[in-house]
Amino acid sequence: MKVCELTLIPTIAVVDDDVSICNALAELLEVFDFKCQIFDHPEKFLAAYMRGRFDCLITDLNMKGMSGLELQQKLSAADPDLPIIFISAQSAPEAKSEALRLGAVAFLSKPISDDVLHRHIISALSRGTMDKPDDLPREP
Amino acid sequence: MKSVDYPTEAGEPPMPAAIGQVAYWQFNVTRARALLESMDAACPGGDQEWQPDRLDMLLSAVRIVDVNDEAIRLFGLPADRDKVLDRPIASLWPEQSRAALGDLLTTVATSAHKGTVAREIPSVGRLQHVVLTGWKAFEPRCADTVFVSVRATLNAPNAVIELEASQKRYRNMISSLPIPVWQIDARPAGRIFDRLRANGITDMASYSDEHPEIVQLACDIVQVFDVNKEAMVLFGGKHRSEFIRSVKYLFSTTPGATKRVMLAHFSGVRNHVEELKVRTFDGRLLDVLLLMTFPVPGERLDTTILMMIDNTARLEAEAKLRKIEADFSHAARLSTLGEMTTSIAHEIKQPLSAILMNAQTSLRYLRRAEPNLDKVDILTSRVVESAQRAGDIIGRIQDMAGKREATSTLLDFNEVVRQCVVFLRHESEDKGVVITTKLQPDLPSVRGDRIQLQQVIVNLIVNSIQAMKTAPQVQREIYLETQLDDNARVLFSIRDTGTGIPVDHLDQIFDGFFTTKEGGLGIGLAICQSIIKAHGGEIAASNRPEGGAMFGFSIPTTARGQLQSEQSLGTFLERQDDTVPRII
């Protein structure tokens, strides 16, 4: 489980109940040279989760069984340092401010631009050395 | 009137030209010869008391050789001469004058002289002062041929006045009827039909297929001889003379009408009813209901009555109503879609996001110094999949959003329900509602419009989803069920765990513009009801004892549906037949 850290390639977890989105994200992350693990259900992610195993979490907001916000709440106690990027197909201003208030790195609206996502991942991974990147540029 | 109803001079039989209102019978008495002579021997000169059985024996032995049209009319004989000719007179001659006929035949057949013999009878049936005149054929070789003419002498002045008054009333009634009426002499066609029948033609439909010219001929030779004012107004004619010609102008605008009318006439039916399009003299195109009444034996065969009821305005109003209904139903679908915009946008964004990400990833692989084409291949295939998925979603929305005419096709009802659930999957997941279906397998198919039925089901599901907005998350459930009832109708029911329907709303819930939703049009359920009714079904709403609302509708399946439509068509035709005014 320490392989990621040893090779210095960050591992990113993707949680989305839409498999085609999961797969697309996985391919995009791969071309960015990240390692990635996909989960089509938040429960599956929680089952696989171990502190330090993932360097970043990208999660959908609306999912069957458990919302992205609920997932964020569960993780905030166990792993407050895990950077979380929300993606959502809905414009949900309340959910967005709630997510950001609870410490999410970014809240992106689908469809997402590769460059914007890349910048946010980079900033999430370097979070420890930066202040909260709330003022990062939104997608163009 | 020059009336020659018996030969005035030896050797001069009655000429057809002289045949006016006189009925003629021609008999053959060969088989009755022995009886006649024994009668005459018993009582020379006739006028005996007849024993009923002797009279019957005599009249059963006398054969009919020929009759004229007037005899058919006066005596109410079958119009088909074949049913009269060569039959014994016993079955066809009226009871009151059988003895007189017996006397007459005895006297004529047995006397040597060639003069005429007459018998007067006060009344026979509806005829008064009946005079029977009999004579033998002049040709000695036809010694057994006896002619009998029948005149009802209407010498009572009252009767003449009555008759004239009655004819005048008939003319007045026709001319002042508030319905366009044509009077037609269809006998020329009747004579053609008689000849065809004599040649053994019974299947006129196939005969006219083989000889299409017969249809045109029968139409050309049948003439209109009178029309009333309403008919002139309907056709925009100025002079009656414009109407007095072949009936062709009445039927030529509707394909096949001429043939159908001819087949009806040939078949001997009383009435023929059909919807026609007619072109008026001033160029208008009208939708009319044609009602034809053919004369039947016992009536004068020279008058066929044809009436037209102008349906143009009614059909236009119906078309407008259908359009308004379609507009309303369209508005209701748009309203339902409007309530779902959020989840629709969400649903479409999913495949679009996948497409965008896969395309961006592909570009990155392509722009590398050494493009990774294997990756691009995989990613492009995924783009295709997602694009198809997006297309499907948009197609479903277009189905619902489109403005279209209702169609009628055979449908697998369970499939109709399943498509609704797919359509609303996102909406229901968004709202945290669990939809459970219990569809009875092997339902017979239903006939109807898929989009309209889906509109009803989607509307009911969306209503239920909205009714559960306030329910706690764990209890948001919808149960859909299909089954076949005892009357072979498909039953659809939807139950929810929402707030139910306020009791005082239950009666008005299907009324138009009744709504409790803010911003709701209040036409959804009214449209649902009219759609289900148009499918021959019923819809009802109730509250479940355990809480929540229940809506259900039933519609006929095809086996039963076809039966019903045939029955109702049959009833319709019978009714038409019975309600056709009998003018003659």
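**View 1. Thr133(B) sits in strand β4 (residues 127-136) of chain B.** The model is predicted: local features need pLDDT of at least 70, side-chain atom pairs count only at pLDDT 80 or more, and totals for chains, interfaces and linings use all residues. Residues are numbered from 1 along each chain as its sequence is written, while chains are lettered from A and ligands numbered from 1 in the order in which they are written. Strands (E, at least two residues) and helices (H or I, at least four) are DSSP runs, numbered from the N terminus. Thr133(B) counts as buried because 21 other C-beta atoms lie within 10 Å. A residue is buried with 20 or more other C-beta atoms within 10 Å of its own, exposed with 12 or fewer, and partly exposed in between; C-beta atoms are placed from the backbone. Leu104(B) is 29 residues from Thr133(B) in sequence, and the two are 7.9 Å apart in space, C-alpha to C-alpha.

**View 2. Helix α2 (residues 52-61) of chain B crosses helix α4 (residues 98-110) of chain B.** Their axes come within 10 Å and cross at roughly 65°. Axes are lines fitted to C-alpha atoms, for helices over the stretch in contact, and angles run from 0 to 180 degrees between N-to-C directions. The crossing is left-handed, a term for a near helix turned anticlockwise from the far one by less than a right angle (right-handed if clockwise). Where do the helices meet? Leu55(B), Leu58(B) and Leu59(B) of α2(B) touch Arg98(B), Ala99(B) and Gly102(B) of α4(B). Of the residues in this contact, four are nonpolar, one is polar and one is charged. Contact means C-beta atoms, placed from the backbone, within 7 Å. Ala, Val, Leu, Ile, Met, Phe, Trp, Tyr, Cys and Pro count as nonpolar, Asp, Glu, Lys and Arg as charged, and the others, Gly among them, as polar.

**View 3. Five strands of chain B form an open sheet in the order β7-β6-β10-β9-β8, with antiparallel pairing.** Strands pair if DSSP finds at least two bridges between them. At the edges are β7 (223-227) and β8 (271-279) of chain B, each pairing on one side only. Neighbouring strands of the sheet are turned by 30° against each other on average, direction ignored. Strand β6 (residues 181-185) of chain B is joined to strand β10 (residues 304-310) of chain B by four bridges. One residue to look for is Gln183(B), whose bridge partner in β10(B) is Ile305(B).

**View 4. Chain A touches chain B through 17 residues, which meet 20 residues of chain B.** On the chain A side, helix α2 (residues 19-31) of chain A gives the most, with eight residues. This side divides into eight nonpolar, four polar and five charged residues.

View 5. The predictor's confidence in each residue is its pLDDT, from 0 to 100. Chain A averages 84, and 86% of the residues score at least 70. In residues 1-6 of chain A, pLDDT stays under 50. Residues 129-140 of chain A also have pLDDT under 50. Where pLDDT is low, the predicted coordinates should not be read in detail.

Methods
Two residues are in contact if their C-beta atoms, placed from the backbone, lie within 7 Å.
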